[in-house]
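Dear colleague,

Please find below the structure I promised to pass on. My notes on its covalent link, its charged pairs and one of its helices follow.

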Amino acid sequence: MTMIYRAMAAALAMASHPAWAQQPAPVELLSPDGVIKIALDASAGDAPPTYRIERHGETVIAPSPLGLDILYTKNFGAFDFTGNTRRSVDVVHKLTATKASSARDHFNEVVISMTERGDGRRMDLIVRAYDDGVAFRYRLPVQPQFQSVSLMNERTQFNFPTDYNCYGFNTGRMDLSHEGMYEPVKSSAIRWYHLYDPPFTCKTASGKTSFLLTEADLTDYGGLYLRGRMDGGLGMATQVSLRWDNRRLGAIRDISKEDLVTPWRVVMLADHAGDLIPSNLIGNLNPQPKTDMSWVKAGKAAWDWWSDPHPAPPAGEGMTMASIKRFIDFAAESGFPYLMLDEGWSFRPVYDPNNLSNADILKVRPNLDMPGLVEYARKKNVGILLWVQWDLLDKKLVPAFDLYASWGIKGVKIDFMDRDDQEMVGFFHRVMDEATKRKLLVNMHSAYHPTGMNRTYPNYITQEGVMGAEYNKWGNAITSRHNVTIPFTRMVLGPIDYTPGGFRNVDPKDFKFHWNAPEVQTTRAHQLAMFVVYESPLQSVADNPDLYRAAPEFDFIKAVPADWDETRFIAGDIGEYVVVARRKGRDWYVGAMTNEAGRTIDVPLGFLGDGRFAAQLWTDGEAPTAVVRDQRAAVARGDTLTLKLAPNGGATIRLTPGTK
């Protein structure tokens with residue numbers, strides 16, 4: 001009787017168990033070098049599809065769910081894989097005004113067609129494997145069931161197989177400037193109510209792989225945040241930024257007749273987090289420029305805000321023709337192509353220092369002649385960039401850009417967006433479309449994390465979304481440890497308008513913050529090194545011209561380029577120290593920065609080309625403001641230079657060919 005019962009039970013089980021219960025083999029995709037593998041599985045039962053990522057055979061991302069959470073759509077989660085197409089791409093893109101002159105775009109791709117169990121709705125999963133990472137995105141085709149879509153969130157997760165040591169910026173909110181500290185955190189300590197701004201950087205338990213979670217090609221969608229899993233498991237869940245106009249309707253509202261395509265969800269992978277600094281993966285995941293962008297010119301800018309040179313009433317007159325011309329003259333004598341003219345130039349009917357929106361961005365202050373200033377600067381080969389508040393610009397975007405272009409303005413610095421919802425992302429794209437038509441550069445402040453938009457629009461020349469030098473004016477958060485953390489975290493995604501070059505250098509124990517004439521808690525050589533280590537095709541040189549004119553080491557700032565032909569990571573570790581080498585033509589520049597611990601660093605010169613090179617070194621002296629300059633007559637590939645860095649210190653090297 002027992003055997004009969006078992007046979008009947010098995011027959012009943014087979015009759016009630018659908019054919020798809022026999023899970024098919026996963027779809028697998030390898031990186032071109034075969035080191036990275038992503039495996040994708042269709043739904044098991046009512047569960048969503050999953051993916052997992054391996055590198056060198058080690059599981060980096062454990063099986064993790066995939067899918068979209070659509071408003072008023074139940075059970076949109078269980079999918080069969082109904083087919084796939086594959087391709088491989090290997091092309092080289094010429095780049096403009098960035099960390100390299102070209103980028104190899106080399107990947108294997110699979111597009112998986114998925115059909116929902118039950119209602120038969122369709123969705124595609126597009127997956128790419130690169131040698132330095134994996135990216136995937138969803139495509140929701142137009143279909144009778146989806147004429148209009150409101151997306152609440154994604155079901156995408158990045159599950160970890162074990163506890164990882166990570167670095168992240170826990171914002172806790174979605175309305176913020178995206179400027180914060182990337183701090184160490186165990187993945188087991190992350191909760192569902194935490195909210196991390198990308199990138200999120202981790203190292204596997206074995207230490208063999210470092211990886212970074214982020215997104216790319218953010219268009220008509222809300223920005224990505226990462227939070228702990230609702231089930232308390234190890235890893236991160238996605239949270240798409242909610243719409244500002246009506247959060248009850250979710251994150252994304254799509255009423256078009258086109259396919260809904262999400263941004264790429266990206267896992268960058270390497271042996272070391274520093275190896276991702278030269279990566280072009282985020283840019284490669286974005287469209288190439290649609291028009292000729294050769295007019296975009298990188299360079300340094302004199303900047304009139306940080307040192308507070310035009311004190312406003314009642315302390316002073318504010319901006320005047322004379323005070324602005326002083327900065328134009330300084331830019332010209334320094335060989336800088338730009339002056340960044342910050343807040344205070346536009347007309348305000350009633351002066352209120354706490355109400356920057358009380359301004360007319362189509363009018364100049366009565367005591368200023370903007371066309372006259374532009375002409376004065378033009379004769380000295382200096383272009384003017386204007387600061388503008390975003391909401392005022394949003395209301396008058398086309399007339400404002402038309403006016404600025406007619407004046408001869410070279411670009412704009414747009415501030416205080418403090419959001420990354422679908423509407424704000426749309427504003428970024430409208431700005432770049434209109435700026436490109438008029439050949440204007442754009443520098444976004446209070447901006448969301450880079451998503452590779454500067455690949456499509458190289459005139460999106462730099463951006464903030466980084467806790468930079470301005471914070472020295474009102475606090476002591478900008479430590480050397482912070483400075484050597486952001487190259488491995490935020491900077492991996494794209495340019496950082498940190499605004500380096502603070503020349504009032506003091507020991508941290510002596511530091512006092514104040515608005516006028518701000519100090520910095522690092523050595524002067526540390527500040528010089530930022531111009532090499534920190535990627536920014538527009539470098540706003542922060543301090544007062546009088547300080548620079550009196551300092552012989554300012555020669556390095558005048559000489560160092562702002563864009564590059566090649567970038568190399570040499571050495572370092574998150575929060576400890578960093579050494580980066582960059583090439584322009586045949587010249588190489590090396591920047592080294594350390595945290596509060598002084599250290600001696602050997603820099604192998606294996607990156608050099610053929611021949612002998614003259615080496616100029618700027619290193620730490622006895623005091624924070626002291627810089628020692630040294631000249632080495634002839635070095636070559638195979639040689640090593642030793643740098644001694646003071647606590648909170650740094651060093652730079654310039655290597656020029658031609659020495660016999």
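**Findings in the predicted model**

A disulfide joins Cys 166 to Cys 202, with an S to S distance of 2.2 Å. A search of the whole structure, which is a predicted model, finds one disulfide. The two cysteines lie 36 residues apart, Cys 166 in strand E12 and Cys 202 in strand E14. The link is right-handed, with 105° about the S-S bond, and both Cys 166 and Cys 202 are buried.

The structure also holds 47 salt bridges. In one of them, Asp 271 meets Arg 55 at 2.9 Å, N to O. This pair connects distant parts of the chain: Asp 271 is in the loop between strand E20 and helix H2, and Arg 55 is in strand E3, 216 residues away. Asp 271 is partly exposed, at 45% relative accessible area, whereas Arg 55 is buried, at 7%.

Arg 128 forms a salt bridge with Glu 109, at 2.8 Å between the closest N and O atoms. Arg 128 belongs to strand E8 and Glu 109 to strand E7, so the pair ties together parts 19 residues apart in sequence. Arg 128 is buried, at 11%, and Glu 109 is buried, at 8%.

A network of salt bridges links Arg 243, Asp 245, Arg 253, Arg 419, Asp 421 and Glu 423.

In helix H4, Met 370, Leu 373, Val 374 and Ala 377 are buried. Seen down the axis of H4, the buried residues fall within an arc of 100°, so they line one face of the helix. They pack against helices H3 and H6 and strands E22, E24 and E25.

With kind regards

Definitions and conventions:
Residues are numbered from 1 along each chain as its sequence is written. This is a predicted model: local features need pLDDT of at least 70, side-chain atom pairs count only at pLDDT 80 or more; totals for chains, interfaces and linings use all residues. Side-chain values use heavy atoms; hydrogens and water are left out. Buried means under 20% relative accessible area, exposed over 50%, partly exposed in between (1.4 Å probe, protein chains only). Helices (H or I, at least four residues) and strands (E, at least two) are DSSP runs, numbered from the N terminus. The arc is that of the directions from the helix axis to the C-beta atoms. Contact means heavy atoms within 4.5 Å. A disulfide is a pair of cysteine sulfur atoms within 2.5 Å. A salt bridge is a side-chain nitrogen of Lys or Arg within 4 Å of a carboxyl oxygen of Asp or Glu.
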